[in-house]
Amino acid sequence: MNKPQSHPPKAKQIPHIFTEFGNKRTDNYYWMRERENPEVIAYLEAENAYYQAQTAHTKPLQETLFAEMKSRIKENDSSVPYFYNGYWYQTRYEEGKDYPIYVRYKETIKTLEEVLFDCNAMAKGKAYFHLDSFAISDDNQWAVFGVDTVSRRQYTLQIKNLSTGEILPYKIKNTNGQAIWAADSRTIFYVKNNQQTLRSFKVYRHILGTDPKGDVLIFHEKDDTFDVFVYREKSRKYLVIGSESTLTSEYQILNANTPLEAFKVFQPRTRGLEYDIAHYEEYFYILTNKDGATNFKLMRTPESATTSEHWEEVIAHRPEVRLNDIEIFKDFLVVEEVYNGLERIQIRSWDGSKTHYLPFDSETYTAYTTQNIDFNTEWLRYNYQSLATPASIIEYNMRTGEERLLKEQEVLGGNFNKDNYIEERLWATAPDGVKVPISLIYRKDIVKNGQNPLLLYGYGSYGVTINPYFSTTRLSLLDRGFIYAIAHIRGGEYLGRQWYEDGKLLKKKNTFTDFIACSQYLIAEGYISPEHLFAEGGSAGGLLMGAVVNMAPQLYKGIIASVPFVDVVTTMLDDSIPLTTGEYDEWGNPNNEEYYNYMLSYSPYDQVRAQAYPAMYVSTGLHDSQVQYWEPAKWVAKLRELKTDDHPLYLDTNMEAGHGGASGRFEALKETAKEYAFLLTLHNQ
């Protein structure tokens, strides 16, 4: 390899030939899959050295950005406490510390604080640390918790005695981090992952204090397109095992008082039937797409007769409204729905005497229910925020209509005023005539002359909706003259379930052409010009970035692609890679020729060609369990081989982290500072 300080690394080529359906593909960088190969590590380190050398002059800017973003954060901060089973639970952060501290108070918040987990102490000496979740036994004496110290989402479960502080000496490895207690405070159910594919696939029963080697296998999900999870109903009466694929759901239930009995299938899986369940009194309430309810409807069924022929309608399907979720309380049913891309929260009393919506009147915002663990309360907690409005936790009395603000996100530094910013929602037109929404924000003193830098963010997969949310870090761009925009492209569910269906499988290219249409609209409307347009996406959004730079590279000055999924065909043909088999209903199965040809036609790695590309910053993690490090590494190597421009191209690999990047709250800011420095430096050239 050449010296990385002066020249970009040049990866060696070892041709690997794939033959599918009579088509031959040559992958010169297939060898980078060998994680333990010293040459692979050397190449990644050479790319890192090149990136560091080429951006050394931006270090002062990175440090300024980091200090600026950190200064807006209230370092001594705490969550709004919530009440559960006799205790108030809260999460705290302390000044100068990266990780949360989980505490509780018995009966009243004014009693002595009991520290459950100090993640700062637990993370000491570890490059990565994540406490996934913890579950408290009904007698309040025990906590089961899951920890990942590698960033591959492989969690080790342990059990803590909350009376003595002792952590039991045994560990349960290779889990998904989830565990639930039965009502006896002795029986635990947890989920194990397949060690190679990381698919959550087996549910075990563990008895407190016994050797995990004797744990009983309760359920084995043998269909490798399904993942398994466990939870306990809010009513606390039932333990639940869930199995889900992209298109199909199945649940099993067991009374929490009889943990040694067998789970009962709620409704046998039927391909295409999706449903979620919630228990209340003698009924289960079911959110489902049954009978062609594309945007979902609400049904219910007696505890004693749970199969679908017994389901009766509570809220009918509405083609224009996506029914997202429900929250059940003793006296009220809360319904979360989306109409025309805007979230609505409806309150319904069980006796039918009261039905109303919470009043939201902004043009673009985000609103959703938060931690509502107490079943017996008449107070609903919800979060409200927008691109310019800091996140607020609000408590609403469902009986009286009284509201009280529990907490508003503080923006320190004294310079932030939400009235200094303008929020808009625009509508671009896609090539097929469909209107695509864009949420954006900019300072009031911006002059729309096409000379302002604009960062356009997109995701567009799995039905995930990127709602307009508030960010203190984003202020570092906005206050330097950037416009920030989110393209609500097909593949997400911003405009309902059909919006998702029209951006997956054999309609996946709509995601990419929607994003390009949004870019072109912003240029046509005078917000920016191609010399000032930047784009960003991560994971499946990184696939989006890879596709649009192949299709329309001339539109963009720079691209940020974080942990990008770019080698679509090869990855989806390899069922040994984590997540692959469960993704067939999202992307298609390339073992089918029609899907193979369609996926090949947009796969960013396969479609790299000899043309000019914009400047690009590509990041990944060596231990990524969702998008393997070699995808972005191969992509960058192939781009270096074929691109005809001299624009910057950087590969930045975190050699200690995975898909989520750095684990500490301040370490993550350093990664954001790198991205922003890349954008600002390009803009100022």
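Against which elements do the buried residues of α10 pack? In this predicted model, local features require pLDDT of at least 70 and side-chain atom pairs count only at pLDDT 80 or more, whereas totals for chains, interfaces and linings use all residues. Residues are numbered from 1 along each chain as its sequence is written, and side-chain values use heavy atoms, with hydrogens and water left out.

Helix α10 spans residues 593–602, and Tyr-596, Tyr-598, Met-599, Leu-600 and Tyr-602 are buried in it. Helices (H or I, at least four residues) and strands (E, at least two) are DSSP runs numbered from the N terminus. Buried denotes under 20% relative accessible area, exposed over 50%, and partly exposed the range in between (1.4 Å probe, protein chains only). The buried residues of α10 pack against β1 (16–20), β2 (23–27), α6 (509–524), α7, α8 (568–572) and α9 (584–587), contact being defined as heavy atoms within 4.5 Å. At the start of α10, a side-chain oxygen of Asn-592 reaches to within 2.9 Å of the backbone nitrogen of Glu-594. A polar contact is a pair of N or O atoms within 3.5 Å; within protein, one must be able to donate a hydrogen and the other to accept it, and residues adjacent in sequence count only if both atoms are side-chain atoms.

The protein chain is divided into domain 1 (39–70 + 420–684), domain 2 (80–125), domain 3 (127–269), domain 4 (274–319) and domain 5 (321–413). These bounds come from an automatic or database domain assignment. The centres of domain 3 and domain 5, taken over C-alpha atoms, are separated by 30 Å.

The largest nonpolar core contains 90 residues, of which Phe-515 and Trp-635 touch the most other members. A nonpolar core is a set of buried Ala, Val, Leu, Ile, Met, Phe, Trp, Tyr and Cys residues joined through side-chain atoms within 4.5 Å. Helix α7 (residues 540–551) gives the most to this core, with seven residues. The core lies between domain 1 (39–70 + 420–684) and domain 5 (321–413), because both give residues to it. Beyond its neighbours within four places in sequence, Phe-515 is in contact with residues including Leu-456, Ile-489, Leu-544, Val-548 and Tyr-556. Another core, of 33 residues, lies apart from it, and Tyr-51, Ile-441, Tyr-676 and Phe-678 are among its members.

Leu-387 lies in the loop between β28 (379–385) and β29 (392–397). With a relative accessible area of 1%, Leu-387 is buried.

The structure holds 45 salt bridges, each being a side-chain nitrogen of Lys or Arg within 4 Å of a carboxyl oxygen of Asp or Glu. One of them joins the side chains of Glu-47 and Arg-640 (2.8 Å, N to O). Glu-47 lies in helix α1 (residues 38–54) and Arg-640 in helix α11, so the pair ties together parts that are 593 residues apart in sequence. Both Glu-47 and Arg-640 are buried. Glu-493 and Arg-497, likewise both buried, meet through their side chains in a salt bridge (3.8 Å, N to O). Salt bridges that share partners join Glu-274, Arg-322, Glu-493, Arg-497, Glu-501 and Lys-504 into one network.

Arg-344 forms a salt bridge with Glu-337, with 2.8 Å between the closest N and O atoms. Arg-344 counts as partly exposed at 25% relative accessibility, whereas Glu-337 counts as buried at 1%. Glu-336 lies in strand β24 (residues 332–339) and, at 11% relative accessibility, counts as buried. Apart from its neighbours within four places in sequence, Glu-336 is in contact with residues that include Arg-322, Arg-344 and Tyr-368. The side chain of Glu-336 also makes a polar contact with the side chain of Thr-369 (2.8 Å).

Glu-631, in helix α11 (residues 630–642), is buried yet has no salt bridge, and the nearest side chain of opposite charge, Lys-634, is 7.4 Å away. For charge, Lys and Arg count as positive and Asp and Glu as negative, while His and the chain ends are not counted. The side chain of Glu-631 reaches the backbone nitrogen of Asp-567 at 2.8 Å. Leaving out neighbours within four places in sequence, Glu-631 is in contact with Pro-564, Phe-565, Val-566, Asp-567 and Thr-571.
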